[in-house]
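User: I would like to learn how to read this structure. Can we take it feature by feature?

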Amino acid sequence: MSSVQETIFAIISKEAGIDPAKISLDSTLKDLEIQSLDAVQIIFEIEDHYRVTLPDRDPNFDTESVSGLIVAVERLVAEKQNAAAAPTVQA
Amino acid sequence: MRRVAITGMGAICALGHDAPATWAAMREGRSAIGPIRNIPTDLLNIKIAAEVHGYDPLAHFNPKRLLLLDRVSQFALIAAREAVVQSGLDFRDDARGDRSACIIGTGIGGENTHDEQSRRFYEERNPRVHPLTIVRLMANAPACQISMEYALTGPTFAVVSACASANHAMAQAFDMVRSGKVDFAVTGGSEACITVPTVKAWEAVRVTADDTCRPFCRQRRGMVLGEGSGVFVLEEFEHARARGATILAEFAGAGMSADAGDIVLPSETGAARALAGALADARLEAGDVGYINAHGTGTPANDPTESRAIRRVFGAHADILCVSSTKSMHGHALGAAGAIELVAAIGALREGVIPPTANFIDADPQCDLDCVPNVAREKSVRAVLSNSFAFGGLNAVLALKRA
């Protein structure tokens with residue numbers, strides 16, 4: 001299990017009070033019967049942990065499924081690292 | 001005309017975590033004003049307050065519920081629970097919830113939440129605000145949380161009028177029960193805003209004392225901040241009597257007025273109109289009242305103004321009245337003040353004991369009423385008033401009669 005996956009499973013488990021064994025990559029937040037306020041808190045905890053902003057209602061990001069969340073986080077973290085590593089342009 | 005009974009009482013404040021502990025401390029003249037311990041004091045000039053101490057939220061709420069509850073809502077729920085248990089009412093029974101109002105006053109709402117999220121935002125430059133921030137800090141949160149806990153599905157909202165919020169809230173609930181709009185009400189006030197910036201803001205108004213709260217006394221140096229909640233169950237009187245409920249007191253009337261004067265300085269005439277209005281609404285003569293729980297903040301401005309307003313309305317009877325300020329003991333709990341002070345009013349009616357004005361040294365000729373200095377007084381009273389006179393000149397006076 002990748003560490004992003006581990007972290008996200010842990011966050012979902014803690015915020016929604018769900019046994020981690022019940023969470024799978026294919027689960028959607030709806031499947032897990034997560035209330036909308038809990039879902040919002042899960043997004044917040046993920047954002048806070050990785051210091052990224054998960055986009056709202058962006059068709060390129062699937063934040064409704066567990067695998068979608070993992071993909072989104074990995075992508076945003078990579079983008080952040082690339083931006084940090086990019087050479088600054090001297091005018 | 002319908003009458004209104006008080007059949008449940010709950011409180012949490014610096015004097016204690018329930019109404020009996022609060023009243024017992026009031027009777028003893030015990031002041032809970034002391035050094036601030038709940039927040040850092042290194043930046044504060046005023047280092048005293050009447051804080052709630054020894055309070056563990058997890059003793060009252062599970063961690064998941066607590067995420068939704070600012071301290072102000074926690075206090076309101078604790079007081080509401082005590083009141084509802086005492087009333088013996090099940091609001092889910094018989095669709096009572098539909099016939100119940102839930103009106104809870106607060107001056108500022110979820111200030112601790114506001115403060116913490118602001119700190120994160122500005123100090124840590126963390127652009128992510130916790131998703132529950134809005135539902136925690138909104139001023140209606142205490143009313144919502146109580147309504148949700150007891151399935152109170154009638155008129156439910158918050159009332160805000162600074163230091164008179166609780167009295168105004170209870171006056172609204174009383175009117176609704178009396179008029180028949182509802183048959184029950186859960187009502188009171190809650191405040192929990194002792195944060196570092198809030199204390200600094202109060203210091204800046206230059207009305208807070210640095211030693212203690214000494215209402216009506218020549219050595220008074222101002223008010224002292226408090227916190228907590230008081231919540232009451234109101235019920236149509238005959239219904240309460242018929243089911244054999246313990247009627248703590250009759251909620252007899254309310255007088256409300258505005259000074260339309262200064263944004264901070266009180267007006268004698270504005271206060272007098274609220275006092276007279278309460279008497280008239282309760283069909284009381286001045287001579288019927290034995291005790292007034294004063295607004296009595298201990299500021300240079302309030303105490304003489306309030307004394308003159310009382311004299312104006314009560315005339316010669318003012319010489320026989322007892323007028324004490326329990327803010328000397330539980331501090332000024334702002335939006336919760338009137339509710340915590342109703343505990344004193346009810347105690348006086350039920351037990352014939354007038355709680356004192358604590359910390360009193362020498363009399364001030366400008367406050368020439370009997371303020372029951374330092375030691376409680378045995379006196380049987382049939383009717384009491386409870387005053388709240390807020391910033392912006394908002395006045396609310398409640399009248400209670402012995403049941």
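User: How are α1(A) and α2(A) oriented to each other?

Analyst: This is a predicted model, where local features need pLDDT of at least 70, side-chain atom pairs count only at pLDDT 80 or more, and totals for chains, interfaces and linings use all residues. Residues are numbered from 1 along each chain as its sequence is written, while chains are lettered from A and ligands numbered from 1 in the order in which they are written. Helices (H or I, at least four residues) and strands (E, at least two) are DSSP runs, numbered from the N terminus. Axes are lines fitted to C-alpha atoms, for helices over the stretch in contact, with angles from 0 to 180 degrees between N-to-C directions. Under 35 degrees is roughly parallel, over 145 roughly antiparallel, 65 to 115 roughly perpendicular, and the rest oblique. Here, helix α1 (residues 3-16) and helix α2 (residues 36-50) of chain A have axes that come within 9 Å and cross at roughly 140 degrees. α1(A) and α2(A) are therefore oblique to each other.

User: Which residues of α1(A) and α2(A) meet?

Analyst: Contact means C-beta atoms, placed from the backbone, within 7 Å. From α1(A), A:T7, A:I8, A:I11, A:I12, A:E15 and A:A16 take part; they meet A:D38, A:Q41, A:I42, A:E45, A:I46 and A:H49 of α2(A). The contact has six nonpolar, three polar and three charged residues. Nonpolar covers Ala, Val, Leu, Ile, Met, Phe, Trp, Tyr, Cys and Pro; charged covers Asp, Glu, Lys and Arg; the others, Gly among them, are polar.

User: Is A:S2 buried or exposed?

Analyst: Count C-beta atoms, placed from the backbone: 20 or more others within 10 Å is buried, 12 or fewer exposed, in between partly exposed. A:S2 has 9 C-beta neighbours inside 10 Å, so A:S2 counts as exposed. A:S2 sits in the segment before α1 of chain A.

User: What do the totals say about chain A?

Analyst: Of its 91 residues, 18% count as buried. Chain A has three helices and zero strands. Its C-alpha trace spans about 55 × 25 × 20 Å along the principal axes.

User: And what about chain B: how many helices and strands?

Analyst: Chain B has 13 helices and 14 strands. Of its 403 residues, 60% count as buried. Among chain B contacts with a separation of 6 or more, 79% involve residues 24 or more positions apart.

User: How many residues of chain B are in contact with chain A?

Analyst: Four residues of chain B contact six residues of chain A. The chain B side has one nonpolar, one polar and two charged residues.

How values were computed
Two residues are in contact if their C-beta atoms, placed from the backbone, lie within 7 Å.
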